[in-house]
Amino acid sequence: MQDIGDVPAKPVSHSAVREQVYMVFPNDLNANDTVFGGQIMALMDRFAAVAADRHAGGVCVTASVDAVHFIAPAKRGDVLIFNCSVNRAWTTSMEVGCKVEAERAGGGERRHILSAYLTFVAVDADGKPVPVPPLKPESAAEKHRFEEAQLRRELRLRHAEEMKRLRAGRQP
Ligand SMILES: CCCCCCCCCCCCCCCC(=O)SCCNC(=O)CCNC(=O)[C@H](O)C(C)(C)COP(=O)(O)OP(=O)(O)OC[C@H]1O[C@@H](n2cnc3c(N)ncnc32)[C@H](O)[C@@H]1OP(=O)(O)O
C-alpha cells in the first residue's frame, strides 16, 4: 500500500498487540466450568481496540464483529493468550484480526480457542468517522491477510446492502 498524500502508511508492527495474557479465575467460568464466551469476546474487543487506536492514532469504535466460532473450550487453570493486528485500513475503517489461544497455567501446548475479524471506525470527539492512515503489509502472511480482508469487506458491505433492501421491501 502506498502513502496517500501526506499521510504515511504504517506497518502492521506499529499497532500489533502481541502475546497479551489473561489468567482465568473462577469468576470467569460458566455453569459448565469452562470460560464464559462473552468474557473472551469482551477481552478480545479491548485488545483489538488497542491495535485499531494505535494504527489510527486516536479513538476507534467497534462497528462490527464477523462470525465468531468457538473452536475449543478454555478451562479452569488456563491462561488465555491474545494476538491482534490490523489486516487492512480503508478510508475511516480498519479490519483487525484476533487469535485467542489457551495453555495450562505453567505453560505447555497451546490450543486454538477462537479467531475473529473485527471492524473498527476511527471517530472524532463528536463520534463522526475520520480518515485513518493506510496500512503497509510487509511479511508474506501480512500480505495474504491484507488481500483477504478486501474480500471480507466486500462481502460485509454486500450483505448489509441486501439486508437493507430486503427489510425496505417488507410491510410494516
Ligand atoms: C472526554 C472524552 C475522552 C475520551 C477518551 C477516551 C475514549 C475512550 C473510547 C473508548 C472506545 C471504546 C473502544 C472499545 C470498543 C467499543 O466498545 S466501541 C462501543 C461499541 N460501538 C459503538 O458504539 C459504535 C456505534 N456505531 C457508530 O457510532 C457508527 O455506526 C460508526 C461505526 C461510527 C459508523 O458511523 P456511520 O455514520 O454509519 O459511518 P459511515 O460514514 O456510513 O461509514 C464509515 C465507515 O464505517 C464502515 N462501517 C459502517 N458500519 C459498518 C459495519 N456495520 N460493519 C463494518 N463497517 C462498517 C463503513 O464501511 C465506512 O468505512 P470506510 O469506507 O470509511 O473505511
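A residue is called buried when its relative accessible area is under 20%. The structure is a predicted model, and by this criterion helix H2 has as its buried residues Gly37, Ile40, Leu43, Met44, Phe47, Ala48, Ala49, Ala51, Ala52, His55 and Ala56. An α-helix has 3.6 residues a turn, so residues three or four places apart point the same way. The length of H2 agrees with helical geometry, because its 20 residues should span 28 Å at 1.5 Å a residue and its end C-alpha atoms are 28 Å apart. Just after H2, Gly57 adopts a positive phi of about 75°.

The other helix to consider is H3. This helix has 29 residues and reaches 43 Å from its first C-alpha to its last, close to the 42 Å expected at 1.5 Å a residue. Its buried residues include Glu142, Phe146 and Ala149, as well as the arginines Arg152 and Arg156. The packing partners of the buried residues of H3 are helix H1 (12–15), E3, E5, strand E6 (93–104), E7 and strand E8 (135–136).

The shell consists of 18 residues, and the closest are Thr62, Ser64, Thr92, Ser93 and Arg153. The side chain of Ser64 places an N or O atom 2.9 Å from a nitrogen atom of the ligand. A polar backbone atom of Thr91 is 3.0 Å from an oxygen atom of the ligand, and an N or O atom in the side chain of Thr92 is 2.6 Å from an oxygen atom of the ligand. On its own, the ligand has 1,300 Å² of accessible area, of which the protein covers 43%. Two or more residues of the shell come from each of helix H2 (37–56), strand E3 (60–65), strand E7 (111–122) and helix H3 (140–168). E3 supplies the largest share, five residues.

Attention now turns to strand E5 (residues 78–89), where Ser85 is placed. Ser85 counts as buried because its relative accessibility is 6%, against a limit of 20%. Beyond residues up to four places away in sequence, Ser85 touches Val12, Ala16, Arg18, Glu95, Val96, Gly97 and Arg145.

Arg110 counts as partly exposed because its relative accessibility is 34%. Leu80 is 30 residues from Arg110 in sequence, yet the two C-alpha atoms are 9.3 Å apart in space. Apart from residues up to four places away in sequence, Arg110 touches Glu19, Ile81, Glu101, Ala102 and Glu103. Two of these contacts are polar: the side chain of Arg110 meets the side chain of Glu19 at 2.6 Å and that of Glu101 at 3.1 Å.

Glu19 itself lies in strand E2 (residues 17–23) and, at 39% relative accessibility, counts as partly exposed. Its phi is near 55°, a positive value in a residue other than glycine. Asp33, in the loop between E2 and H2, also has a positive phi, near 70°, and is likewise a residue other than glycine. With 38% relative accessibility, Asp33 counts as partly exposed.

Conventions: Residues numbered from 1 in each chain as written. Predicted model: local features only at pLDDT ≥ 70, side-chain atom pairs only at ≥ 80, totals over all residues. Heavy atoms only, no water. Near = heavy atom within 4 Å. Polar contact = N/O pair within 3.5 Å; in protein donor to acceptor, adjacent residues only side chain to side chain. Areas by Shrake-Rupley, 256 points an atom, 1.4 Å probe, with all protein chains shown as cover. Helix = DSSP H or I, 4+ residues; strand = E, 2+ residues; numbered from the N terminus. Buried < 20%, exposed > 50% of the residue type's maximum accessible area, 1.4 Å probe, protein only. Contact = heavy atoms within 4.5 Å. Expected span 1.5 Å × (residues − 1).
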